[in-house]
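Work through the exercises below with the structure in view. Try each task before you read its solution.

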Amino acid sequence: MLRHEFRPGKLVAGLFLTAAGITYAGDAGGAWDTPWFAVIPMVVGGLCLAGTVGLLARAVRNRRDRRRTSAPAEADGTPGPSTPH
């Protein structure tokens, strides 16, 4: 059993922020020359992508959980939870 839920949005954000840190570290170490504004699109794009991935993962998780809770009620012939109209 997993100790915690997998959060792909946090993974994507971490990867992009790590890439930004490596970019600046390479510039500080003299490996290459990075303009000061080059990392801004990388960070903003990574955070937007992470937000999108997080929302998608949450939607999939909620749909899976709803299916999981309603499936046993339908399997044994008893009606599931009623929804107000």
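A residue counts as buried under 20% relative accessible area, as exposed over 50%, and as partly exposed in between. The model used here is predicted.

**Exercise 1. Classify Trp 36 by its relative accessible area.**

Step 1. Take the value for Trp 36: 64%.

**Exercise 2. Describe the aromatic pair formed by Trp 36 and Phe 37.**

Step 1. Count the pairs: the structure has one aromatic pair.
Step 2. Take the geometry. The ring centres of Trp 36 and Phe 37 are 5.7 Å apart, and the planes stand at 90 degrees.
Step 3. Planes over 60 degrees apart count as edge-to-face. The pair of Trp 36 and Phe 37 is therefore edge-to-face.
Step 4. At 46%, Phe 37 is partly exposed.

**Exercise 3. Find the residues that make the nonpolar surface patch.**

Step 1. List the members: Tyr 24, Trp 36, Phe 37, Ile 40 and Val 44.
Step 2. Give the area: about 570 Å².
Step 3. Val 44 belongs to helix 2, residues 39-75. Its relative accessibility is 47%, so Val 44 is partly exposed.

**Exercise 4. Is Thr 23 buried or exposed? What does Thr 23 contact beyond its neighbours within four places in sequence?**

Step 1. Locate Thr 23: helix 1, residues 8-29.
Step 2. Read its relative accessible area, 17%. That is under 20%, so Thr 23 is buried.
Step 3. Set aside the neighbours within four places. Thr 23 then contacts Trp 32, Thr 34, Val 39 and Met 42.

**Exercise 5. Trace the network of salt bridges.**

Step 1. Count: the whole structure holds two salt bridges.
Step 2. Take Arg 7 and Glu 5. Their side chains meet at 3.9 Å, N to O. Arg 7 is partly exposed at 42%, and Glu 5 is partly exposed at 42%.
Step 3. Take Glu 5 and Arg 61. Their side chains meet at 2.9 Å, N to O. This pair links distant parts of the chain: Glu 5 sits in the segment before helix 1 and Arg 61 in helix 2, 56 residues apart.
Step 4. Check Arg 61: at 14% relative accessible area, Arg 61 is buried.
Step 5. Join the pairs. Salt bridges link Glu 5, Arg 7 and Arg 61 in a network.

**Exercise 6. Summarise the chain as a whole.**

Step 1. Secondary structure: two helices and zero strands.
Step 2. Burial: 16% of the 85 residues count as buried.

Terms used
Residues are numbered from 1 along each chain as its sequence is written. This is a predicted model: local features need pLDDT of at least 70, side-chain atom pairs count only at pLDDT 80 or more; totals for chains, interfaces and linings use all residues. Side-chain values use heavy atoms; hydrogens and water are left out. Helices (H or I, at least four residues) and strands (E, at least two) are DSSP runs, numbered from the N terminus. Buried means under 20% relative accessible area, exposed over 50%, partly exposed in between (1.4 Å probe, protein chains only). Contact means heavy atoms within 4.5 Å. Rings of Phe, Tyr and Trp (its six-membered ring) pair if their centres lie within 6.5 Å; planes under 30 degrees apart count as stacked, over 60 as edge-to-face and the rest as tilted. Patches are made of residues with over 30% relative accessible area and no salt bridge: like charges are joined within 9 Å, nonpolar side chains (Val, Leu, Ile, Met, Phe, Trp, Tyr) within 5 Å. Accessible areas come from the Shrake-Rupley method with a 1.4 Å probe; for residues, only the protein chains shown count as cover. A salt bridge is a side-chain nitrogen of Lys or Arg within 4 Å of a carboxyl oxygen of Asp or Glu.
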